[in-house]
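Hi,

Here is the structure I promised to pass on. Have a look at it, then read my notes below.

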Amino acid sequence: MTALLEIKDAVVRFAVRGGVFRSAGSIDAVSGVSLKIEAGQTYGIVGESGSGKTTLARAVAGLHHASEGSILYRGQELRDLPESQFRKLRREIVMMFQDPIGSLSPRLSIKSLITEPFRIQGMKDRDLDAEAKRLLAMVGLPPEFASRYPYQISGGQARRVGVARALALDPKLLIADEPTAGLDVSIQGEMLNLLARLQDELGLAIMIITHNLNVVRQITDRVGIMYLGKLVEEGDTDTVFANPRHPYTLALLAANPEPDPDAQLMRIELQGEPPSILHRPTGCEFHTRCPFLQPRCSRDVPAWQLDGAAAHRCHFPASWTGSEVEPS
Amino acid sequence: MTVLDIRNLSVSYATPRGELKALREVSMTVPERSIVGIVGESGCGKSTLISAIIRLMAPNAQVGAGSVAFKGDDLLTLADAQMRALRGTEISMVFQDPMQTHNPVLTVGRQMMDIQYRDALSKAEKRKRAADMLALVGIPDAQARLNQYPFEFSGGMRQRIAIAMALMAKPSLLIADEPTTALDATLEVQIIKRLRELQDDIGCSILFISHHLGVIAELCDEVVVMYAGEVVEAGSVRDVFHSPAHPYTRALLECDPGHIKEKTRNLPTIPGSIPDMVNLPGGCIFADRCPMRFEACATRPAMAEARTGHKAACHLIKVEETA
C-alpha cells in the first residue's frame, strides 16, 4: 500500500547572498529528510528554531521548492509540480499557519475567511452561508462569529477559525505549524482535543510541527526529531519517549521541566548553541554540543540504526534508565 | 528581611467602556535572597503588576489604593528622581524578548558601559567590568565580543547579555518577565540554571514571571498564583504544586500536559473564559468556572491559611477547617 505522504531524501536549498551582488553559496535548510505518513495518522516533527521543521512543512504544502529527493502524495510526485496543478491538490493538502491572528486578513469577516477556499477553488455552487455555519459549528464557535472580524476575537478563537478554514474542503492531510504556540495551557488542551476529535470524525492525517514535547507525546502516533535540517531520531512516539537513544532527544526531554518541584530530572545539559547551517560540523553534526562526544563522532557520519519501533543516527546511543542517563 | 512588600494594590485602566480593574487588592512579599514566581494566564495582571512596581505604567493606568514597599520605602510615593535612581541600580529588569532589548546600532560593549554612567570609574575600568559580567553569564571570549553588535549574537546569548546588564549594578531585586519564553527548550534550561547561580552569587531576590509551570517548579522557592487581577494562592512551590488549595491552581496544574503521564485523546481544560474586568461579577472571581462552587461563593473570599505559609482565596478552606 502506498503511504498517504512519503518524503524521500528531501533537500530544500536556499541561496545565500554574501554582500552586494556576491553569492556566498547556499544552505540546506532541510537536508535529506525521509519519512512516511499513513492515512489517519498523526506525525509530529520536533526541533528547535532553525532546525528546518517549518521549511519541511512548507515544502510539503508546495510553498517551498524541494531541490532534491522526492515528496510523494499518494504516489504522485509533488516536487516540480506546476502551481496550476498544485492548486487542485490543495483541496487535499492544507496548511494551518503559525501566527493565528496574523494569518487572518484583518479586512475580511470570519465568514469570508473560512469560505475563501471555496472561492479559490471555484466551487461557486456552494451556499457559503450554510458552509460558514457548518464550519463554525465543527470547531465549536457560535454562528454569530461569521460576521465578526479578526481583531474582535481572542487568540484561541483565531486558532479555531484557522482550523475551520483549513478543513473547509475536507482535506486528507492537515499540516499544523505550531498549533498551540502562544496559547495558555487551559486553552492548549481545548485546541488539541479539537484536532483529535476532528481527526476521528474526518479520518484525516495530521503533520504537527512543534517544539512542545508534551504536545507531541499526547497526540502523535509517530515522531521525528530534527536537528540542523536532518532527522536524528524517528519512530513510534511511545517508543521514542520511553527509550530515547539519540543524545539530542535526551537533551530535549531533559529540557522539559515538569510542574513538580521534586521531579526527578534527567540531568543532561547541552553546551553552547546550535551551530550555523552555513558551516555544518563534520561527522555527526551534533558532536559540537554532545555531552557524550567520542573521537569518532567528528569524523564519521552516523548511519540510521533501527532499534525496535524507532530508529536513530548516533554512533554511541545513550539510554535513559529512569534515574540516570547512561552513555554506551 | 523583606525586599518587596506589596499591600492591597489596586490598579485600573481608563477605557472607553469604563474602568478596567486590572489589579484588585493584590498583596505579596518577596523575601531577601529568594526567588518568587508569579504564574497566571493571559489577562491575569502580571504585566500590570510589574509596571506598577517599576512605575512605568501606561498613561491611562491609575493606582487606586495600596502600597509597594521596597526595603521599607513606598515606591508609589517616591519622587520621580528618586525612582529613577532606584531603577537599574536597586531594581532591574529582564524583558521577554531578547531580540528587542538591545539597541541595534551600538556595540554591546558600548551599551554595557553606558549603563554604568552613574559610577565614577575610568573607561577602562567600566569596560573591564562589562567583560567580567559577560564572562559571568557564560559568554566565551568576552573581551573581544564587547566590540560586536547585538545582531552578531544568537537569541540565547542576547538574553544572557540582558541578564548581565540587569545584574551589573548588583541590584537587590531583579524582575524577570518571561525571560525564557522566546527561547528554545535547551537554551531555556541553560538560562534558568545561570539565573539560579547568579542569584546565589550576588545575593539578590528575583521576581520571576512565567506561565510555564515546569520552569517555576524548577527555579522558584515561592510561588504566587494570579487569576483575573487577583492573587488566588501563594505559598512555597512545594506546598502549592503538591497540594494546591485553590480550585484554579488545581485546574491549571491538571491542564499542564507535563503533568499528564497517560496518553489521552481528551485533555483536561478549564471551561469558560476569564470575566470581563470592566463589569466584574460579585463574589469569588473564579466562581463561574469553578467545579466546586457552592452558596458561599456569592461573596468574595478573603485569603485564608491552608497551612502555615500557604494561603488561598477560597471559601472551601474554612469549610474544610470546620468539618
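Predicted model: local features only at pLDDT ≥ 70, side-chain atom pairs only at ≥ 80, totals over all residues.

**What I found**

In chain B, strand E3 (residues 35-39) and strand E8 (residues 205-210) run parallel and are joined by 5 bridges. Strands here are DSSP E runs of at least two residues, helices are H or I runs of at least four, and both are numbered from the N terminus; two strands pair if DSSP finds at least two bridges between them.

Residues are numbered from 1 along each chain as its sequence is written, while chains are lettered from A and ligands numbered from 1 in the order in which they are written.

Back to chain B: its open, mixed sheet has 8 strands, in the order E6-E7-E8-E3-E9-E10-E12-E11. Strand E6 (91-94) and strand E11 (304-307) of chain B are at the edges with a single partner strand each, so one side of each has no neighbour in the sheet.

Now chain A. The axes of helix H5 (residues 155-166) and helix H6 (residues 185-202) of chain A come within 10 Å and cross at roughly 10 degrees (axes are lines fitted to C-alpha atoms, for helices over the stretch in contact, and angles run from 0 to 180 degrees between N-to-C directions). H5(A) and H6(A) are therefore roughly parallel (angles under 35 degrees).

Cheers

Methods: Parallel < 35°, antiparallel > 145°, perpendicular 65-115°, else oblique.
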